[in-house]
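Let us read a few features together. Have the model open as we go.

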Amino acid sequence: MSEIFKAEVDRRTLLRRAAAVGLMATPAVGMLSACVGGGDDNKQTQSTGTKSAENPLGIDPKAGVEIIIFNGGLGTAYATDVDTPLFNKKWPDAKVTYSATEEISTVVQPRINAGNPPDMINNSGSKLMDFGAIVKAGQAADLTDLFAAPSWDVAGKTVAETLVPGAVEQGSYDGKPYAMNYSFTVFGLWYNKKLFDSKGWTIPTTWADFTALCDKIKAAGITPFGFAGANASYYMVRALLTSAAKIGTEQALKDIDNLKPGAWTADPIMKAAQAWGEIGNKYINKTYLGLRHTEVQLQQDQDKLAFYPCGSWLENEQAKDTPPTFEYAVAAYPSVTTSDQLPATAINAAAGEIYFAAAKGKNPQGGKEYIRGMLSKEAALGFTKLTKSLTVVAGAADGQTISPGLTSANDLLGKAGKDVFMGYLFDTWYKKLDDESRAAANDLMFKGGDAKKFCERMEAASQAVAKDSSITKFTRS
């Protein structure tokens, strides 16, 4: 969800939504529009079939489907060992052509511009494409028929009815769904439970307890808190804005997404920036500014770092480097003030990892059908077992004991109850604003930047986007 899944890429975004880091510059929407099939004369023939109860999307059962997957923290085995075999079982005459890359935009963008994109694309990683531009250029297929189609293996329900609340909306632009955000990510403070148990350290719920614990951790010769400034500063943006939402509810983040004047200088953002800025001044290792995510995560695995802000892909990403002495667990961000409007147990959890069908591919309906297979309970459980990450398919992993980190994330969801919020969307809507937030977070945390400067900088960037008529605007309620 996630963006910096591997050390070789610039970041992992998932979250970006995924969350990631340092997104490469993507071609402008105008370039996308101009270069992709400039009209009906250039439009390639697309595969279609007859709709039926067994074939609700009307695919050609003999037409090939080309997919391309981001090779990052989630790996690619879920595609090769779970999703493709399931698709082939249902459609044995439809050959799936598979490839993976760590640089989605580098590989896919030229093909989109040339008018011959793959049918289904996993848009993630440090070099993911600007999906807002993809939607505006008409390159992403409308997934309304997919979500209205019957589930592969849940009788009597549509695909949409098998998903967690908000899953369809999160991939929607101006009311139409264009993306399937598949991996359900729990965000929070990750730590080594075995280390904390051995030291008798209790997970804090208030900011006073948090700073007091940071003092103890620092005295023990361990860096209390940190993240990678080189390519994972968006992790810190999410931490800060999660705190802001707990102070002032998710409305504070909706105002930011909607480019509302004054959103970034509002009291919840200012208080969150002040609190986290103090953490940066007192408890962070300044050398982390030049490190990549995997380098900082390795330091945590070696018990040189206590708290790391991240999403639930972390455990799987670090699997090969996790020693027997380390047991991943996650905690909610502590309350910043005594009057936070959301409780200490409230968390940010959201769907990430964008998958979409290319509107101008050879077989867009086949691409949608591949996604429908991914949204079966069987495929979702296979994904969770392989990646230690939940999916948006409700209940697919119920009763499963897969890993300590996943169990901890599930426990956090249970404790949060109704106080689970989606977070923000500006990072996928407005690349310029996302880039600025990453740079501003680094300055706040590593360079002694104060909260007022952070908020005013982001407010200026937000209103610059708002006033730029060349940027397509999106809203949420």
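**Reading helix contacts, buried loops and a pocket**

A: Start with a helix pair: the axes of helix α9 (residues 233-248) and helix α18 (residues 431-446) come within 8 Å and cross at roughly 80°. Axes are lines fitted to C-alpha atoms, for helices over the stretch in contact, and angles run from 0 to 180 degrees between N-to-C directions. Helices are DSSP runs (H or I, at least four residues), strands likewise (E, at least two), numbered from the N terminus. This is a predicted model, where local features need pLDDT of at least 70 and side-chain atom pairs count only at pLDDT 80 or more, while totals for chains, interfaces and linings use all residues. Residues are numbered from 1 along each chain as its sequence is written, and side-chain values use heavy atoms, with hydrogens and water left out.

Q: Which residues in α9 and α18 meet?

A: Contact means heavy atoms within 4.5 Å. From α9 come S233, Y234, M236, V237 and L240. They meet S437, R438, A441, N442, L444 and M445 in α18. By class, the contact of α9 with α18 has seven nonpolar, three polar and one charged residue. Here Ala, Val, Leu, Ile, Met, Phe, Trp, Tyr, Cys and Pro count as nonpolar, Asp, Glu, Lys and Arg as charged, and the others, Gly among them, as polar.

Q: Is N363 buried or exposed?

A: Buried means under 20% relative accessible area, with a 1.4 Å probe and protein chains only. N363 is buried, at 1%. Its place is the loop between β10 and α14 (364-374). Not counting residues up to four places away in sequence, N363 touches S47, A63, G64, V65 and D119.

Q: Where does N55 lie, and what does N55 touch?

A: N55 is in the loop between α1 (29-35) and β1 (65-70). N55 is buried, with a relative accessible area of 7%. With residues up to four places away in sequence left out, N55 touches T50 and W91. The C-alpha atoms of N55 and E369 are separated by 9.0 Å, though 314 residues apart along the chain.

Q: How many residues line the largest pocket?

A: Rolling a probe the size of a water molecule over the atoms shows where empty space is left. The largest pocket is lined by 44 residues. Nearest its centre lie V164, P165, G166, F184 and A349. A pocket is an open set of points on a 1 Å grid over the protein atoms alone, where a 1.4 Å probe fits, with protein on both sides within 12 Å along at least five of seven lines; lining residues have an atom within 4 Å of a point.

Q: Which helix gives the most to that lining?

A: α16 does, with six residues.

Notes. Buried means under 20% relative accessible area, exposed over 50%, partly exposed in between (1.4 Å probe, protein chains only).
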